[in-house]
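Take a moment with the sequence and the model below. Then follow the chain with us, one piece at a time.

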Amino acid sequence: MAINTVVALSIDAYENKRVGASRSAIDGLKREAYSYKSGGHDEADKTALDSTTCVICMEKFEAGTLVTYMPCTHIFHEYCLIPWLQENHSCPLCRFEIQSCS
């Protein structure tokens with residue numbers, strides 16, 4: 001079997017097993033308006049990628065923007081994270097799993 005066939009079968013198997021997070025798990029996530037303090041840094045340290053940038057869309061958080069926290073404490077724009085969690089039940093950054101639909 002050619003390597004391309006093996007890779008394609010492997011990807012198909014993975015994609016068919018994707019399960020979204022449960023509605024109750026999504027609804028239970030902490031949400032708040034972003035501030036540099038909520039990101040874990042003060043105003044002078046706003047260049048740290050891990051807490052000032054949504055890794056889903058790669059845009060910097062703006063003060064006052066609604067962000068959602070995963071249980072692992074990673075934060076994301078709510079409008080980025082919710083669609084992700086409807087298809088996956090893990091953190092987009094560290095793969096920490098939350099309750100799935102299955």
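The buried residues of helix 4 pack against helix 2, strand 1, strand 2 and strand 3. This is a predicted model. Which residues of helix 4 are buried? They are Cys 80, Leu 81, Ile 82 and Leu 85.

Strands of a sheet pair through backbone hydrogen bonds, either parallel or antiparallel.

Take the two pairings in turn. Strand 1 and strand 2 are joined by three bridges. Glu 32 has Val 67 in strand 2 as its bridge partner. Arg 31 stands opposite Thr 68, again in strand 2. Three bridges also link strand 2 with strand 3, in the antiparallel sense. There, Tyr 69 has Ile 75 of strand 3 as its bridge partner. Strand 2 and strand 3 form a hairpin with five residues between the strands. In this hairpin, Thr 73 takes a positive phi near 80°.

Stay with strand 2 and pick out Thr 68, which lies in it. Is Thr 68 buried or exposed? Its relative accessibility is 0%, so Thr 68 counts as buried. What does Thr 68 touch, leaving aside neighbours within four places in sequence? Thr 68 is in contact with Leu 29, Lys 30, Arg 31, His 74, Ile 75, Phe 76, Glu 78 and Leu 81. Lys 30 has another partner to show. The charged end of Lys 30 sits over the ring of Tyr 69, 4.5 Å from the ring centre.

Next comes the nonpolar core. The largest one has 19 residues. Which of them touch the most other members? They are Phe 61, Met 70, Phe 76, Leu 81, Leu 85 and Ile 98. Helix 2 (23-27), strand 2, strand 3 (75-77) and helix 4 (78-87) each supply at least two residues of this core. Helix 4 gives the largest share, four residues.

Set aside residues up to four places away in sequence. Leu 85 then touches Gly 20, Ala 21, Ile 26, Leu 29, Met 70, Ser 90 and Ile 98. Of these, Met 70 and Ile 98 are also among the core residues that touch the most other members.

Finish with the aromatic rings. A pair of aromatic rings is described by the distance of the centres and the angle of the planes. How many aromatic pairs does a search of the whole structure find? It finds one. The ring centres of Tyr 34 and Phe 61 are 4.9 Å apart and their planes stand at 35°, so the pair is tilted. This pair links distant parts of the chain, 27 residues apart. Tyr 34 sits in the loop between strand 1 (31-33) and helix 3 (49-52). Phe 61 sits in the loop between helix 3 and strand 2 (66-69). Tyr 34 is buried, with a relative accessible area of 3%. Phe 61 counts as buried too, at 3% relative accessibility.

Terms used
Residues are numbered from 1 along each chain as its sequence is written. This is a predicted model: local features need pLDDT of at least 70, side-chain atom pairs count only at pLDDT 80 or more; totals for chains, interfaces and linings use all residues. Side-chain values use heavy atoms; hydrogens and water are left out. Rings of Phe, Tyr and Trp (its six-membered ring) pair if their centres lie within 6.5 Å; planes under 30 degrees apart count as stacked, over 60 as edge-to-face and the rest as tilted. Buried means under 20% relative accessible area, exposed over 50%, partly exposed in between (1.4 Å probe, protein chains only). A charge sits over a ring if NZ of Lys or CZ of Arg is within 6 Å of the ring centre and within 35 degrees of the ring normal. A nonpolar core is a set of buried Ala, Val, Leu, Ile, Met, Phe, Trp, Tyr and Cys residues joined through side-chain atoms within 4.5 Å. Contact means heavy atoms within 4.5 Å. Two strands pair if DSSP finds at least two bridges between them.
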